[in-house]
Amino acid sequence: MSASGNTSNGAAPTYRLQGLTVRHLAAARGQAAALHAIDLVIAQGEQLAIIGPSGAGKTTLLATLACAHRPADGLFEAFGVAPWTLSEGERHRLRARLFLAPQTPPLPPRQRVVTAVLAARLPQWGFWRALASLVKPADPAAAFAALSRFNLGDKLYSRVDRLSGGERQRCGLARLLLSSAQALLVDEPLSALDPALSELTLVTLRQEAAARGATLICSLHQVDLALSHFPRIVALRDGRVVFDLPREQVSDAMVAQLYQGEQPAASTPPADPAAPRLAVGACF
Ligand SMILES: Nc1ncnc2c1ncn2[C@@H]1O[C@H](COP(=O)(O)OP(=O)(O)OP(=O)(O)O)[C@@H](O)[C@H]1O
């Protein structure tokens with residue numbers, strides 16, 4: 001890659017950020033910016049994980065990359081263009097090349113899973129086809145195939161509000177598979193998944209990104225999974241990049257320093273001192 005961030009074949013990187021600063025509109029007066037002076041170049045087809053403690057700025061960074069937050073300062077380019085210099089219509093078309101899978105996907109509660117998943121195709125369909133698909137799903141086989149890759153094929157015709165948290169999360173990821181995006185932005189996809197589904201999810205996301213030559217950027221709280229699945233690790237803390245390294249260069253000491261002073265993830269609830277005195281089957 002050249003100093004401009006362009007790849008050896010001259011193609012623009014998926015993202016180029018220089019001195020990027022982002023403030024939330026609703027931030028309290030005097031509250032620090034959510035992201036400060038971020039420098040990042042991400043080539044097309046790269047796969048990287050963003051790690052860092054709660055409040056580090058991971059979600060803000062992904063939303064900024066999805067052109068959902070307008071930066072307060074600095075350079076921000078996606079696919080070689082500066083989105084915030086474009087007209088609203090042009091920026092809308094650029095957004096069709098990006099897919100942001102939020103931690104809690106905004107799925108209409110009364111909708112069937114098949115319809116919710118096929119909504120990812122809306123940018124590719126004309127108005128009438130999109131409208132007709134609300135009444136009779138246009139391509140249920142594609143929705144089934146996408147759901148099956150996350151072990152969720154049996155929920156094709158379930159109502160969205162009858163899914164568990166983890167099923168909703170995977171339903172949101174199945175949408176990603178049906179999009180035609182070239183940048184896949186995934187925010188904490190494993191927060192409601194067990195270890196086996198977590199593995200399946202990361203493998204599926206990585207395979208999909210590689211198959212379509214898309215860039216995959218995934219925020220994760222599970223540092224071990226970030227290191228085992230992603231070749232590049234970007235660590236954030238207090239809105240700043242602490243390190244941006246190939247995984248082989250990330251040491252235990254660097255990770256410990258990144259999370260220093262943070263509460264470890266609560267995998268087991270603290271012991272209740274009264275527990276031994278409670279009779280089995282006690283009700284309150
Ligand atoms: N809508 C908002 N309005 C004001 N401040 C916000 C808003 N959303 C996030 N922030 C602040 O921006 C900073 C970064 O938050 P962000 O959600 O990006 O962190 P995160 O690393 O994704 O955290 P987590 O791991 O807990 O999801 C935090 O200080 C947070 O309080």
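Colleague: Which residue in S7 does Ile50 stand opposite?
Modeller: In this predicted model, Ile50 stands opposite Ser219 of S7.

Colleague: How do you know that S3 and strand S7 pair, and in which sense?
Modeller: Two strands count as paired when DSSP finds at least two bridges between them; S3 and S7 (residues 215-219) have 4 bridges and run in the parallel sense, and therefore meet that cut-off.

Colleague: What makes S3 and strand S8 a pair?
Modeller: Against the requirement of at least two bridges, S3 is joined to S8 (residues 232-237) by 4 bridges, with the strands running parallel, and Ile51 stands opposite Ala235 in S8.

Colleague: Why is strand S3 called largely enclosed?
Modeller: A residue is buried if 20 or more other C-beta atoms lie within 10 Å of its own, and 5 of the 5 residues of S3 (residues 47-51) are buried, so the strand is largely enclosed by the rest of the structure. Gln47, Ala49 and Ile51 point one way while Leu48 and Ile50 point the other way, and all are buried.

Colleague: What makes helix H6 mostly covered?
Modeller: Of the 14 residues in H6, 12 are buried, among them Cys171, Gly172 and Leu173. The buried residues of H6 pack against several elements, including strand S5 (98-101), helix H3 (113-118) and helix H7 (195-212).

Colleague: How does the reach of H6 compare with the expected span?
Modeller: From its first C-alpha to its last, H6 (residues 165-178) reaches 21 Å, which is close to the 20 Å expected at 1.5 Å a residue.

Technical notes:
Residues are numbered from 1 along each chain as its sequence is written. This is a predicted model: local features need pLDDT of at least 70, side-chain atom pairs count only at pLDDT 80 or more; totals for chains, interfaces and linings use all residues. Helices (H or I, at least four residues) and strands (E, at least two) are DSSP runs, numbered from the N terminus. The expected span of a helix is 1.5 Å times one less than its number of residues. Two residues are in contact if their C-beta atoms, placed from the backbone, lie within 7 Å.
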